[in-house]
Amino acid sequence: GQSLPDNLAREVREETGLTISVGPPALVNEFHDPETGFHQIDLFFRCSVVSGALDHTWSDPEGVVTERRFFSQEEMARIRFKPDSLPAVAWGRGEAHYDPLEAILK
């Protein structure tokens with residue numbers, strides 16, 4: 001029953017302890033698995049941290065999140081992530097971006 005921005009802010013708070021301000025959408029990405037018919041849509045928003053810190057005193061009460069950190073653009077080049085367009089969108093300042101269907105890696 002919540003809006004996407006309200007739900008995002010709540011989930012980030014619950015799973016990281018950070019309070020964020022949710023800005024405009026930045027990326028819509030679709031994943032699919034042609035073999036099973038699985039289809040997933042990911043929505044990414046530009047956000048700012050309003051309060052909280054990534055210190056070692058916080059822990060997720062549900063135990064879902066085991067590590068929290070921010071990545072620099074240089075660090076992103078050395079790790080595996082999806083969608084492929086994430087760095088260009090994260091460090092860009094353009095309009096919202098749409099990635100067409102991207103096959104799921106196995």
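At 16% relative accessibility, Arg68 counts as buried, because the cut-off for that class is under 20%. Arg68 belongs to the loop that runs between β2 and α2. A polar atom of the Arg68 side chain lies 3.2 Å from the backbone oxygen of Ala53. The model in which these values were computed is a predicted one.

With that residue as a starting point, the whole chain can be laid out. The chain contains three helices and three strands. Followed along the sequence, these elements come in the pattern α-β-β-α-α-β. The C-alpha trace spans about 40 × 35 × 30 Å along its principal axes. Of the 106 residues of the chain, 23% count as buried, and Arg68 counts as buried too.

Gln2 is found in the segment before α1. Gln2 has a relative accessibility of 44%, so this residue counts as partly exposed; that class lies between the 20% limit for buried and the 50% limit for exposed. Gln2 and Asp99 are 97 residues apart along the chain, and their C-alpha atoms are separated by 25 Å.

Next comes helix α1, which covers residues 4-16. Its length can be checked by simple reasoning. The helix has 13 residues, and at 1.5 Å a residue these should span 18 Å. At the start of α1, a side-chain oxygen of Ser3 comes to within 3.2 Å of the backbone nitrogen of Asp6. After α1 the chain continues with Gly17, which has a positive phi, near 80 degrees. Most residues other than glycine have a negative phi.

The structure holds four salt bridges. One of them joins Arg10 and Glu11, with the closest N and O atoms 3.1 Å apart. Another joins Glu14 and Arg10, at 3.2 Å from N to O. Why are Glu14 and Arg10 separated by about one helical turn? The reason is that they are four residues apart in helix α1. Together, Arg10, Glu11 and Glu14 are linked in a network of salt bridges. As for accessibility, Arg10 counts as partly exposed because its value is 29%. Glu11, at 27%, counts as partly exposed, and so does Glu14, with a relative accessible area of 39%.

Further along is strand β2, residues 38-51, and Asp42 lies in it. Is Asp42 buried or exposed? Asp42 is buried, yet it has no salt bridge. The nearest side chain of opposite charge belongs to Lys82, and it is 10 Å away. A salt bridge requires the nitrogen and the carboxyl oxygen to be within 4 Å. What Asp42 does have is a polar contact of 2.8 Å between its side chain and that of Gln40.

Past β2 lies the loop of Arg68, already described as running between β2 and α2. Arg69 takes part in two arrangements. In one, Arg69 lies over the face of Phe71, at 4.1 Å from the ring centre. In the other, Arg69 forms a salt bridge with Glu75, the closest N and O atoms being 2.7 Å apart. Arg69 counts as partly exposed, since its relative accessibility is 40%; Glu75 counts as partly exposed at 24%. On the subject of rings, how many aromatic pairs does the structure hold? The number is zero.

The last stop is the loop between α2 (73-76) and α3 (86-90), where Pro83 lies. The peptide bond from Lys82 to Pro83 is cis, with omega near 0 degrees. Most peptide bonds are trans.

How values were computed:
Residues numbered from 1 in each chain as written. Predicted model: local features only at pLDDT ≥ 70, side-chain atom pairs only at ≥ 80, totals over all residues. Heavy atoms only, no water. Helix = DSSP H or I, 4+ residues; strand = E, 2+ residues; numbered from the N terminus. Expected span 1.5 Å × (residues − 1). Polar contact = N/O pair within 3.5 Å; in protein donor to acceptor, adjacent residues only side chain to side chain. Phe/Tyr/Trp six-rings, centres within 6.5 Å; stacked < 30°, edge-to-face > 60°. Lys NZ or Arg CZ within 6 Å of the ring centre and 35° of its normal. Buried < 20%, exposed > 50% of the residue type's maximum accessible area, 1.4 Å probe, protein only. Lys, Arg positive; Asp, Glu negative; His and termini not counted.
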